Amino acid sequence: MLLSFHSHSSSPPKLHRSPELRFSALRRHSLVFSPLKQSHYRKFISTFSEKKKSTTLASVSNNGSPTMSFDYDLVIIGAGVGGHGAALHAVEKGLKTAIIEGDVIGGTCVNRGCVPSKALLAVSSRMRELQNEHHLKALGLQVSAASYDRQGVADHANNLASKIRNNLTNSMKALGVDILTGVGTILGPQKVKFGGVGLSDNVITAKDIIIATGSVPFVPKGIEVDGKTVITSDHALKLEFIPEWIAIVGSGYIGLEFSDVYTALGSEVTFIEALDQLMPGFDPEISKLAQRVLINPRKIDYHTGVFATKITPARNGHPVIIELTDAKSKELKDTLEVDAALIATGRAPFTKGLGLENISVATQRGFIPVDERMQVIDEKGNLVPHVYCIGDANGKLMLAHAASAQGISVVEQVSGKDHVLNHLSIPAACFTHPEISMVGLTEPQAKEKAEKEGFSISIAKTSFKANTKALAENEAEGLAKLIYRPDNGEILGVHIFGLHAADLIHEASNAIALGTRIQDIKLAVHAHPTLSEVLDELFKSAKLSDDVSSPARQPIAV
């Protein structure tokens, strides 16, 4: 989800909140800062000293010929999921394309984010099921006590990341995308340099440039990360040890997923949340249900309305010490002693060292400002010709698939076809057990929009308890919620908590993206018995005004 470059800040950063982000850990916990040092970002050795020698080439016959006077039609800085998606689409459009990477292909998502975390969550899912004697007995199964090998679990996550990283690399090589190893810096209009520490820089020209440098874990002031007992998600994914008791700072999707992993593997968890409720960025009704299922029955307690203002790693036989300060009074409220602490307070954009000053661009809270077409905006508010920014670095929606979608949208534009991405149609998911997914507006957001624009909203809900497939799986705990306009059938938001919610959400997200109204989608046919019928019943239960009850589009008779 998040791209590749790391950095470490040597001085206390100024804290900011990113107001545009909807998803809990991304909006409520997306504390960001600027500037960032790039000492870690420059930890590589280039094996190339000349421009053409610095290119990893494959079957270049599939890569287009560059526009006259440029080395490339498109140069992408950052080979995470966003950069990769843009590169593949660019080649499909016939653009001669290069991608610059200073770390490893795949970025944060593949190497330190969504990919390895799903491997750990797959293990926690199996463990949780094998440990649930009541669930197994209901299915007529008897299983002896389940156990796990920590190193084996860690190897599974690492091997998956390696496999996906190789897949991404090979896919670009096969299409002839030139993979340039080094730190990418914009020198000026349509000119980029890249190279390694101690080696001469290489300069290339491109008709268009995409910045896709992603983000790094954000660590608030006062927290000392040692990578062993006080860790970020980067460290946690290595699963070097399973603490008996771990505090997780932040209850957004990152914190929730790791609580699922740690409790399944035997740890006790304590959440530390700055706001007054857990999971503050989710739809409130979904948050309430998720807390009842994911938090209350498990070995999890929590402190809300407090900041972890100081965290000291374990050393010399002493535990990790966490000082909790009241979020309102700013007074010391409590002190915790735990075995480990995971900092899950969001992501900070990596935008340092890009040469933005050379094109008169100033970051805003660390993010690169862009318009609705992802074109970069300079410090005077003017569009910078031929320069775009996608993914976490622009802060619009810090999700891997959002970065990829933005990259594809930019390629459409530079290929001559105007395209504007609807960010409200981009789904998000939290891969707990059960899962949480969402697209569009929450109920409070929809009410605010309705009041401002002068229309009414309605709510429809369906339960997994009425779904045959969920009952057969003995996994009927769940809810699907639809927020819509009864006067025209517009879908404003869909929120799901339950079995395979992350897979189910796409029918709703695609409907929003395509502008499909409820009066059309409620006539769609779903296979029986499947979980998709949860959405089928949800749309069918929506009550529309009489004048919009008929389909907006007539089906083709065959």
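Colleague: Which residues are linked in a network of salt bridges?

Modeller: The network links Asp283, Glu285, Glu443, Lys447, Lys461 and Lys481. A salt bridge here is a side-chain nitrogen of Lys or Arg within 4 Å of a carboxyl oxygen of Asp or Glu. Keep in mind that this is a predicted model, where local features need pLDDT of at least 70, side-chain atom pairs count only at pLDDT 80 or more, and totals for chains, interfaces and linings use all residues. Residues are numbered from 1 along each chain as its sequence is written, and side-chain values use heavy atoms, with hydrogens and water left out.

Colleague: Okay, pick one pair. How far apart are the closest N and O atoms of Asp283 and Lys481?

Modeller: They are 2.9 Å apart, and the two residues form a salt bridge. This pair links distant parts of the chain, as Asp283 and Lys481 are 198 residues apart. Lys481 lies in strand 25 (residues 479–484), while Asp283 is in the loop between strand 13 (268–273) and helix 9 (284–295). Helices (H or I, at least four residues) and strands (E, at least two) are DSSP runs, numbered from the N terminus.

Colleague: Is Asp283 buried or exposed?

Modeller: Buried, because its relative accessibility is 1%. The words work like this: buried means under 20% relative accessible area, exposed over 50%, and partly exposed in between (1.4 Å probe, protein chains only). Lys481 counts as buried too, at 0%.

Colleague: What else is Asp283 in contact with, leaving aside its neighbours within four places in sequence?

Modeller: Besides Lys481, the list has Thr442, Glu443, Pro444, Ile483 and His495. Contact means heavy atoms within 4.5 Å. There is also Gln445, which is 162 residues from Asp283 in sequence but 9.1 Å away in space, C-alpha to C-alpha.

Colleague: And where do Lys447 and Glu443 lie?

Modeller: Both are in helix 11 (residues 443–453), four residues apart, or about one turn of the helix. Lys447 is partly exposed at 45%, whereas Glu443 is buried at 19%.

Colleague: How many salt bridges does the structure hold?

Modeller: It holds 23. Another one is between the side chains of Glu224 and Arg315, at 2.8 Å, N to O. Glu224 sits in the loop between strand 10 (215–217) and strand 11 (230–232) and Arg315 in the loop between strand 15 (306–312) and strand 16 (320–326), so this pair ties together parts that are 91 residues apart in sequence. Glu224 is partly exposed at 39%, and Arg315 is partly exposed at 38%.

Colleague: New topic: helices. At what angle do the axes of helix 4 and helix 6 cross?

Modeller: Roughly 145 degrees, with the axes of helix 4 (residues 114–131) and helix 6 coming within 8 Å. The axes are lines fitted to C-alpha atoms, for helices over the stretch in contact, and angles run from 0 to 180 degrees between N-to-C directions. Helix 4 brings Val115, Pro116, Ala119, Leu120 and Val123 to the contact, and helix 6 brings residues including Val153, His156 and Leu160.

Colleague: Then what is the phi of His386?

Modeller: It is positive, about 70 degrees, although His386 is not a glycine. His386 lies in strand 21 (residues 383–389) and is partly exposed at 28%. Gln190 has a positive phi as well, near 60 degrees, in the loop between strand 7 (185–188) and strand 8 (191–194).

Colleague: Last one, the overall picture. How many helices and strands does the protein have?

Modeller: There are 15 helices and 26 strands. Of the 558 residues, 57% count as buried.
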